[in-house]
Amino acid sequence: MLRRWLNSEYLVMLLTFAGVVLLLPFTPGLASRENLANVLLTLLPLLVLACGQTVVLITGGIDLSACAIMAVASVVGGLAMNGDTGWLAGNPWATPAGVLLMLGVGLAIGAFNGFAVATLRMPPFMVTLTGMMFFGGLAIWLTRSETIYNLPSAFNALGGRLPLAAAVAGGLALAVHLLLSRTIYGRWLYALGHNPRMARVSGVPVGAVTAGAYVLSGLLAAAAAVLYTGQAETASPFLGQRLLLDVIAATVIGGTSLFGGRGKVLWTLAGVLFIKLLDNSLNLLNCSFFTLTMVKGAAVLAAALLDATRRRWQEAGT
Amino acid sequence: MSALLQFERITKRFGGVPVLRDITLALPAGVTLGLVGENGAGKSTLMNILGGNLRPDAGHMTWDGQPYAPSGPADAAAAGIAFVHQELNLFPNLSIAENLFLTRFPRRGRWPVIHRRALAAETNRWLREVGLAAPPDTPVERLSAGERQLVEIARALSSEPRLILFDEPTTSLSDRETRQFFTLLERLRARGLTMIYISHTLEDVLRLSDQVAVLRDGALVAHGPREQFDKDRLVTLMVGRRLDRLFPARQPTGGAARQPTAAEGAGAPGQAAPDSGKPEVASVLPQGVPLLEVRGLTRSGVVHDISFELHAGEVLGLFGLMGAGRSELAQILFGLEPFERGSIRVRGRPLASPQPTRCLREGVAFLTENRHEDGLALEASIADNLALVTLRRHARRGTGWLNRVTLADAVRGIREAVRLTPTARDAAPVRTLSGGNQQKVVLGKWLLAQPPVLILDEPTRGIDVGAKFEIYQLIVQRAEAGAGVLLISSELEELIGLCDRILVMRRGEQVDELRRAEFDRERILRAALHERSAA
């Protein structure tokens, strides 16, 4: 019984709701309109990032550089668009051009990661860990560690106005969901995540599909940068520095397997909700940042344990 | 002489299939026993039971008069039984000395510190014994295959066992090393060590053993002093005849091929031109162009100068013992392994650098030998596994959007065609299926592609008799639809029952080719067995 429950796809969803219901009486303001709107707004970039991470995790890889990609995209966009020194300043096309530029940055770094992993056969962990260091540094270097203000208001609206931001993030999440569940690319991703040898023998273009996952993750990181930067109305190289833990935590808590082959956007959505509500309620309960991190760490460990346990059960053939 | 080791009515089944039946065998101390049998005769299973890797379903063993029921390799080692396996079990990153003494390093007194000088001296002693001139601290990865085999032997000896088992110990040895190894065996025998020697090189077995035992289909069919045997008798004993197997009718007009050696005369489609009136693939081909043409295919140390043609409507068998290079040949054909020389043509078109995707496009499908490793995604659903190879047909160009209706139809169709158990849901993970049904899923996913060339590597390994027959039917149907089937099998019966032509391989070389009218178990097995010209 317990085992069936632990194996359920919707475990995290249920836990999240149970958590909210339990905390509601003790947490003043949890259900208030402003608070929920705030939670939702800050949840959106995380969701977009986590969708990219989900795709990469399905291949059995990991993308640690996602948040560094976000930082680079943010400052490149900021440098181009800001009203003071940006070369797009004042241009009526500044926002679309800036967004495209940011997406281009994500695409390029993602393509590099994909090339290193799929063609050079480097371990994803190393490639993206060094990517995280390098591009994290690059973002700071590009801005001399300054924050960039005075971004176009149309751009700020993309991430800052709830309906618009929700439409963008929701649209992207839906697109990834459809990609995974309804296209040939999705089937190939799962197949190679389950068993890369088998996928190769069965005619799956393993290299291209793997590289594609990193490209997608890069693009989605850049899209998250658009949302985040707009929300903050400033471009910062420190954007999302603390976000990596949340991204991987949310994905893994949702049930996407670190061993590859298992993962869904819906699960990730549940994971993101879980992490965000945990964050928010502990904040409202006046817990310190350290406590928060410790609780999150424990939650991720529990999720990883659950993943490993499910795998053990599978291997035992039950 | 009292028996050092005694097998008493040992029986073992794998998933209902008996692999050892009632084996009773006594091995007196100081005797060398030669153990022979075809692939799958049960030698490995018996030795795994002796080594504690498997437990018998029935029967027991005694060792030195005491009941012996090992629960793991450590128990076998503790009893004084050492194994020298065909596939090497060394740690390539460690040195020779470390490999030899991994579990029992000489220490400095009671401290957990390795006594390096003692270690080197001990290692040298055993290396001298096996005739390997290499410093003890050489990493094993720098040794040749033959040298590694000698290290493996030294490791077995260094535990000072009372019984050593050699499983095909000479396959990776050079002639010089083999001669040296045989002198060593003579020395060990003179010293009174008990040994079991397993080999496909019958001359060696006859020369080195005091007694010979023959296994066939899991049963002990002969056991006696060496003098009772010669090579011919061994081959005859190993081959035997199995009458409990049915094969589907090969030709629409012919009867069930229960007596495959019976000549079928001019009707045998093994000749150059494919039969007229074969539908599908054959009709669009110019007469006489083979579906698959291989010329002089060579990869050093693996396959050497392989040439053959596979015609429409033909089932071509590929027989060979372990290590003959059959699976390796198939992997080269499908682009999973490289080759150095030779050419491959599919339907007349050259396939210069095969890749799985490319081969599939050209119409070659390959069912691999190991369904768990590269045949299936075990955790993925039955439907996803079945559809994987042919997904492109259901995807819109450009977007890759899948048409779930046609996809579901295709899955339903192939499920019925391969007669997959109807109780399993499409969404159930493949892991939950029985071996036979899993194999049907792998076969089904390839059959969905309707490939003109179908390469099957051990398609019936480890599945029950009923499922085997159904898979045979599917193979024959595929050939009758005009495809060419290259069937690799260790089971001679299977090839004789299904094929139009059989190629025999030995150590990477093509050594014989028989048409259906010429099928002869003894001739095939004799060709496949290792010959040793220089003694």
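**The sheet of chain B**

Analyst: In strand β10(B), B:His223 is the bridge partner of B:Ala213. The model is predicted, so local features need pLDDT of at least 70 and side-chain atom pairs count only at pLDDT 80 or more, whereas totals for chains, interfaces and linings use all residues. Residues are numbered from 1 along each chain as its sequence is written, while chains are lettered from A and ligands numbered from 1 in the order in which they are written.

Strand β9 of chain B, residues 211–216, pairs with β10(B) in the antiparallel sense over six bridges. (Strands pair if DSSP finds at least two bridges between them; strands are DSSP runs of E, at least two residues, and helices of H or I, at least four, numbered from the N terminus.)

This pair belongs to an open sheet of six strands in chain B, ordered β6-β7-β8-β3-β9-β10, with mixed pairing. At its edges stand β6 (81–84) and β10 (219–225) of chain B; each has a single partner strand, and therefore one side of each lacks a neighbour in the sheet. From one strand to the next, the twist averages 15°.

Helix α1 of chain B, residues 43–50, packs on this sheet. The helix touches β3 (32–36), β6, β7 (163–167), β8 (194–198) and β9 of chain B, where contact requires C-beta atoms, placed from the backbone, within 7 Å. The direction of α1 makes about 150° with that of β7(B); axes are lines fitted to C-alpha atoms, for helices over the stretch in contact, and angles run from 0 to 180 degrees between N-to-C directions.

Notes:
Contact = placed C-beta atoms within 7 Å.
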